[in-house]
Every structure is written in structure tokens, then in C-alpha cells.
Amino acid sequence: MESFEESDVLIVGAGIAGEESALKLADMGFKVILIEKEPSIGGKMILLSKVFPTLDCAACITTPKVSETARHLNIKVLTMTEPESIIHNEDNSFSVTLVKHPRYVVEKDCTGCQECETVCPVVVKDQFQFDLVARKAVYIPFNIANPRIALIDIENCVLCGACEQKCPSSCIDFTQEDEIINYKVKSVIVATGYNLFDPKKIERYGYGTYRNVITSMQMERQLAPTRPFNNILRPSDGKVPDKIAYIFCTGSRDHSVGNPICSQVCCMYSSKQAQLLMGALPMADITLYYINVRAFGKGFNEFYIQTSDMGATYVKGKIALISEKENGNLILRYEDFKTGQVTESEHDLVVLSVGLIANPAIKKVFKNANLEIDQLNFIKQTDLLQNPALTSIPGVFVAGTATAPMDIPDTIMSAGAAAAEASGYLKRRQ
Ligand SMILES: Cc1cc2nc3c(=O)[nH]c(=O)nc-3n(C[C@H](O)[C@H](O)[C@H](O)COP(=O)(O)OP(=O)(O)OC[C@H]3O[C@@H](n4cnc5c(N)ncnc54)[C@H](O)[C@@H]3O)c2cc1C
Ligand code: SF4
Ligand code: SF4
């Protein structure tokens, strides 16, 4: 017979939403299990540069919260862990089966010294730098990862044993396997966040073919304190770009790619990146091609105007086609909405302001209850106006961008609402 350890709340996803809900509930005295499928907690926010509209450093805001989450006595954090099944029991509790994937490194013994990385012969694209640079098969995900523990990407490892010989703590362990962990909880919060739109779906932009067409997330990494280079470089030849274009609404407000809605943050994060680029590369021209600028939040319109006043050029126009010149520069063909003319312009780097799309995979984990999703595949909020954290399953709440695209302040408010709803629910059960 399987044994189930008891806890109050399971939170799935340790981005800023999951962390915020976990901290709120843990401070109220509830016991929280917070699971994250990646090797570090922090979600997308820990990888950002600065945040609009205040230009505070994202890492400086988020790392204290990440540390507090990791150390809180009422929160148990499990990284590299995903839910396999969640069963809604007759007594309204949930039986949860989790799978913790192996790091092939004994977590308690790894000191994060990175000696193993120096000898590993395997070089693969670094997913935490969005493929801008490479990493080894044994690696620490990024400088401010929490926990700062190595893992082995076993699919690419050639099992040469060099890391095992080098590790001063003898903590490489190739015998590790998936671990099944069972819990019985009274409530669940879904904080599984969003996925980035894949710009390869818009072939005419040439992402994946033209090397100097990158995504906004790749630019975030180049601007972040934990950046791969100490400069902004275009991928084809490492040249510092001096004529950069942004294409807003890449994969948002576009029926042809199945995503008719606005991603809420792209106008603002592109304007933020433009400001940061004007600081980093004072001689560079930045042009932002938009359909409409949506600057609806507190201080957002002022931020947009400030970006324009600093020298960025906003062009209302829809990009029809990008083509590549021999020198790697890109020709943008677009309709200028102001003149009605089809126009061309040349840039040496193009940044696609990719949208935020739904991550509905969690639905299938609920085996005997229907976690409803909306027509765009986000988790359905069954009482959007009065209780936005409620889902179709009693006792299951939703937080952050799992419900819809939103910025960090709105994510934090949504996570607070989910924690408040969960705590009320738990108190009513006592
Ligand atoms: C390029 C870019 C720049 C941005 N800049 C800003 C900015 O300047 N200011 C601002 O306010 N907002 C900005 N944003 C938006 C910001 O990223 C989001 O508001 C915020 O990260 C949402 O947090 P979240 O916790 O809801 O989601 P996420 O950060 O996506 O976190 C969800 C977490 O859940 C985990 N997860 C998913 N499924 C599972 C599962 N089945 N099991 C276990 N774990 C799971 C994921 O691995 C992830 O860690 C930007 C977005 C982009 C794309
Ligand atoms: S065993 Fe694998 S991870 Fe370790 S050094 Fe060799 S290739 Fe790298
Ligand atoms: S696995 Fe060993 S060598 Fe690698 S970071 Fe951990 S302690 Fe250092």
C-alpha cells in the first residue's frame, strides 16, 4: 500500500506566482509543497533584465523572494519535479503523485563549485541563455539558480566519467532514477505560468534561418546582469548592432497563428529594452514597429513617452516580410500606416516581441476531475469577476499567467488572491 505524507497545499510551478502564493500561505502557518519542473525556482522572472516601468533590476527583486521561499520552514521546495496524477478524493482532499527527475548529482553534497563543468567534453546549447551560448552536459543552470546545484543532462552525456573523477565532493551518481513521491493535500494552486510563442511559426520573419533575427527573451538575456556576453552582440558575426528593429505583436493579436489576444506585456517590455539599449549603445538607432501601443498600466504611458523622448522611433506599420542581405543585415518590408505606402528599411538586428501563450499541460494531471480551460487554453477562471482564483474544481485555485498573459505586478496580485482563497477554503475545512 502506497503511503501518502500529509500537507496543506500543493503549489505547482515556482515562478513569481507560485512563490508569492507559497510565501503568503506559509506565513499564515499552512504547510506548503512547492514543486518546479526546472532545476531552479524563479520562473521566467529570474531570467529577466530589468522591469518596466521602474527599471528595477529583476534579479534584485526576485532573488530575495526566491531565497525566502527556499528557506521558509513551512515550504518544502522540490525542483525537477512534476505532478503525475492528482486524484480528488471523496473527503475533498487530493492524493498527489509526484515524479522527481534525477540530477545524477547528490543534492545535499554538491557545493556548486562547477569543477565538473571544466572537464566535461560535451558542449550543447544553453537553454537558460535561450541558445545564445553553450553549456556543458553537467552544469549549474545559471549564476543565481536556486538551489545552486549541478545536474547532468543525461541525453547529451557521453558517460565518460570525467566529472565523477573531478568532483571534490564525490557527489556524481549515475545510478539515480525517477523518484515517486506521494502526498495527501487539502488544496492545490496551479501556478504553471505561460509558454513563449514560437516565432518559427511565422516563416516570413525568418527566425531560425536568419541569424540576426532574435527573440525578445534572447535580448532580455543579453541585457540581464547574468548575461552571456558583457555587451550586446548580433549572433551572425559578433558585431555590436547599431540599427535595431523591434517587431511588436509577434504571435499575438494574430488569428493566422491561432492567438487572437494581446499578450499585455510586449509593448512595455520592448519599450523597456529600447531604453536599456539606448543606455548600453548610445549611438544605436532603435525603431519599434507596432500596430497599436498598449500602455495601459500605472506609469506605463509615461514610460512609453519617455522611451520616445529618449530617441527611440515608433513606426505604426505591419511587417509583411523580412529578407536577409549577404552581410547579415535585414530588410524589413512593411506598410506604413501613416502614409499608406509600402516601405523598406534596413536593420542589422531584428528583435521579435514574442507573445505569451497558454501552458495547459496540467489539465491531464487531474485524473478524476475536470480542470476546465478556456477557449485559448488558459486555466478557466470560473468566477472571473468576483473570485478570479477559482477554477472548476473545488479546492483548486489558479495564480498568475496560468490564467492569462499579465505583467509581474498583476501576477503578484493574482497570486495573493489565490493564497487568500486557499486559506479561506482551508479554514472552512478545519
Ligand atoms: C521577454 C519578456 C520580458 C518581460 N519583462 C517584464 C517586465 O519588465 N515587467 C513585467 O512586469 N513583466 C515582464 N514580463 C512578464 C513576466 O515574465 C510574467 O509576468 C511573469 O514571469 C509571470 O510569472 P508566472 O509565475 O505566472 O509564470 P512563469 O514565470 O512562467 O512561472 C511558471 C513556473 O511554473 C513551472 N511549471 C510549469 N508547468 C509545470 C509543471 N507541470 N510542473 C512543475 N512546474 C511547472 C515553470 O517551469 C515555471 O518556472 C516579461 C515577459 C517576457 C516574455
Ligand atoms: S560523464 Fe557526462 S556529464 Fe560527466 S564529464 Fe562526461 S560527458 Fe560530461
Ligand atoms: S557536482 Fe561536484 S564538481 Fe560539480 S558543482 Fe557539484 S560539487 Fe562541484
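**The sheet around strand S1**

Mentor: Strand S1 (residues 5-12) and strand S2 (residues 32-36) pair in the parallel sense, with 4 bridges between them. Strands and helices here are DSSP runs numbered from the N terminus, a strand being E over at least two residues and a helix H or I over at least four; two strands pair if DSSP finds at least two bridges between them. Within this pairing, Val-9 has Val-32 of S2 as its bridge partner. The chain passes from S1 to S2 by way of helix H1 (residues 16-27), and this β-α-β crossover is right-handed, that is, clockwise from the first strand over the helix to the second when the strands point away from the viewer.

Before going further, note that this is a predicted model, in which local features require pLDDT of at least 70 and side-chain atom pairs count only at pLDDT 80 or more, while totals for chains, interfaces and linings use all residues. Residues are numbered from 1 along each chain as its sequence is written, chains are lettered from A, and ligands are numbered from 1 in the order in which they are written.

S1 also pairs with strand S12 (residues 179-190), again in the parallel sense, over 7 bridges. Leu-10 stands opposite Val-188 in S12, and Val-12 stands opposite Val-190. In a regular strand, side chains alternate between the two faces of the sheet.

Strand S22 (residues 396-398) runs parallel to S12 and is joined to it by 3 bridges, with Ile-189 bridged to Phe-397 of S22. Strand S7, by contrast, runs antiparallel to S12, and 7 bridges join the two; here Ser-95 has Lys-184 as its partner. S7 (residues 94-100) is in turn joined by 7 bridges to the antiparallel strand S6 (residues 81-88), where Glu-82 is partnered by Val-99. S6 and S7 form a hairpin with 5 residues between the strands, and in this hairpin Asn-92 takes a positive phi near 70 degrees.

Ligand 1 is surrounded by 38 residues, the closest being Gly-13, Gly-15, Gly-43, Gly-193 and Gly-400; a residue is counted when its C-beta atom, placed from the backbone, lies within 6 Å of the molecule. Among the elements that give two or more residues to this shell are H1 and S2, together with helix H6 (266-280) and helix H8 (408-429). The shell divides into 19 nonpolar, 11 polar and 8 charged residues. Both domains contribute residues to the shell, so ligand 1 lies between them.

The other two ligands have shells of their own. Ligand 2 is surrounded by 14 residues, with Cys-120, Val-138, Cys-157, Cys-160 and Cys-163 closest; by class, 13 are nonpolar, 1 is polar and none is charged. Around ligand 3 there are 13 residues, the closest being Cys-110, Cys-113, Glu-115, Cys-116 and Cys-167, and the shell has 8 nonpolar, 4 polar and 1 charged.

Two cis peptide bonds deserve mention. One runs from Phe-52 to Pro-53, with omega near -10 degrees, and Pro-53 is in the loop between strand S3 (50-51) and strand S4 (56-57). Another joins Asn-146 and Pro-147, with omega about 0 degrees; Pro-147 lies in the loop between strand S10 (138-139) and strand S11 (151-152).

Overall, the protein chain has 8 helices and 22 strands.

Note on methods:
Nonpolar A, V, L, I, M, F, W, Y, C, P; charged D, E, K, R; others polar. Domains from an automatic or database assignment.
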